[in-house]
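Please read it with the structure open beside you.

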Amino acid sequence: MRLVVINPNTTAAMTAMISDAARSVARADAEIVAVTAAMGPESIESHYDEALAVPGVLDAIATHPGADGYLLACFGDPGLDAARELAHAPVLGIAEAGMHLAAPLGRGFSVVTTLSRTIGHARDLVDHYGFAVQCLGIHACEIPVLELDSRPDAADILAKACVQALADDRSDAILLGCAGMADLAQQVSAQIGAPVIDGVAAGVGMLSAMAAMGLRTGTSSGEFASPPPKRYTGVLRDWGVS
């Protein structure tokens, strides 16, 4: 099976780290194709960033057809519904996948993300995906996305935030709220003595199961059918569906 893992930001170094995280849990028969968005922001830390990341996500799907599954490696799950209309294989976001795997690990889980300004959107996703009961709290470690890889104390700061979240929420597991944290999950879990879920690994596992079951999207009817043909104008003139 071939799984396309899309980094919706344009930072290639982050894509390489995400690719390693995905391959570390991939099945032996799975080919992981890691893709950096060809357009958009260098990191996604605002609603504005997320909106302008969506064209890069859709372009990555359009230029990598025929995969058995696609994973959007950003905790905001940018453009997820539009991607499902465009793809003919399952598409998951790491927030959605991570919540599905975190929920069965205890009475509830906590999310620890990057900046506090993203907490509101994370809560919107929790509600949208139906995990409002299981998600007991959302917290920020206040490390910008692009500093997760460069700060030598990033793992320690993240671990402290996770310990505090477990205590404040009385939760049983931590869901990391950024793909840039993927390579820190095992280290932090060992430090805090609790399950730590990385959405990249969770998404690869779920997509592998869906592909093995032969599940597909892109039916001729329903909400995620291909979008109707129409013309687009201006800078979007080449994005029309025919």
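**Notes on the fold**

1. β1, helix α1 (residues 12-25) and β2 make up a β-α-β unit, and the unit is right-handed. Right-handed here has a viewing rule: with the strands pointing away from the viewer, the path from the first strand over the helix to the second runs clockwise. Helices (H or I, at least four residues) and strands (E, at least two) are DSSP runs, numbered from the N terminus.

2. A word on the basis. This is a predicted model, in which local features need pLDDT of at least 70 and side-chain atom pairs count only at pLDDT 80 or more, while totals for chains, interfaces and linings use all residues. Residues are numbered from 1 along each chain as its sequence is written, and side-chain values use heavy atoms, with hydrogens and water left out.

3. Strands β1 (residues 2-7) and β2 (residues 31-36) run parallel and are joined by six bridges. Two strands pair if DSSP finds at least two bridges between them. Val-4 has Val-33 in β2 as its bridge partner. Ile-6 stands opposite Val-35, also in β2.

4. Both strands belong to an open sheet of four, in the order β2-β1-β3-β4, with parallel pairing. The edges are β2 and β4 (91-93); each has a single partner strand, so one side of each has no neighbour in the sheet. On average, neighbouring strands of this sheet are turned by 20° against each other, direction ignored. For such angles, axes are lines fitted to C-alpha atoms, for helices over the stretch in contact, and values run from 0 to 180 degrees between N-to-C directions.

5. There is another open sheet of four strands, with the order β6-β5-β7-β8 and parallel pairing. Its edge strands are β6 (135-140) and β8 (196-197), each pairing on one side only. Strand β5 (residues 109-113) pairs with β6 in the parallel sense over five bridges. Ser-110 has Gly-137 of β6 as its bridge partner. From β5 the chain crosses through α5 to β6, and this β-α-β crossover is right-handed.

6. Leu-175 has Ile-197 in β8 as its bridge partner.

7. Now the helices. Helix α4 (residues 94-102) packs against helix α5 (residues 119-129) at an angle of about 60°, with the axes 10 Å apart. Angles under 35 degrees count as roughly parallel, over 145 as roughly antiparallel, 65 to 115 as roughly perpendicular and the rest as oblique. α4 and α5 are therefore oblique to each other. α4 passes α5 in a right-handed crossing. A crossing is left-handed if the near helix is turned anticlockwise from the far one by less than a right angle, and right-handed if clockwise.

8. How much of α4 is covered? Seven of its nine residues are buried. Buried means under 20% relative accessible area, exposed over 50%, partly exposed in between (1.4 Å probe, protein chains only). Among the buried residues of α4 are Ile-94, Glu-96 and Met-99.

9. The axes of helix α6 (residues 154-169) and helix α7 (residues 185-192) come within 9 Å and cross at roughly 55°. That makes α6 oblique to α7. The crossing of α6 and α7 is right-handed.

10. Check two backbone angles. Glu-142 is not a glycine, yet has a positive phi of about 65°. Glu-142 sits in the loop between β6 and α6 and is partly exposed, at 42% relative accessible area. Arg-170 is also a residue other than glycine, with a positive phi near 55°. Arg-170 lies in the loop between α6 and β7 and is exposed, at 71%.

11. How many disulfides are there? The count is zero, where a disulfide is a pair of cysteine sulfur atoms within 2.5 Å. For Cys-135, the nearest cysteine sulfur belongs to Cys-162 and is 13 Å away. Cys-135 is buried, with a relative accessible area of 4%. For Cys-178, the nearest cysteine sulfur is that of Cys-74, 7.1 Å away. Cys-178 counts as buried at 9% relative accessibility.
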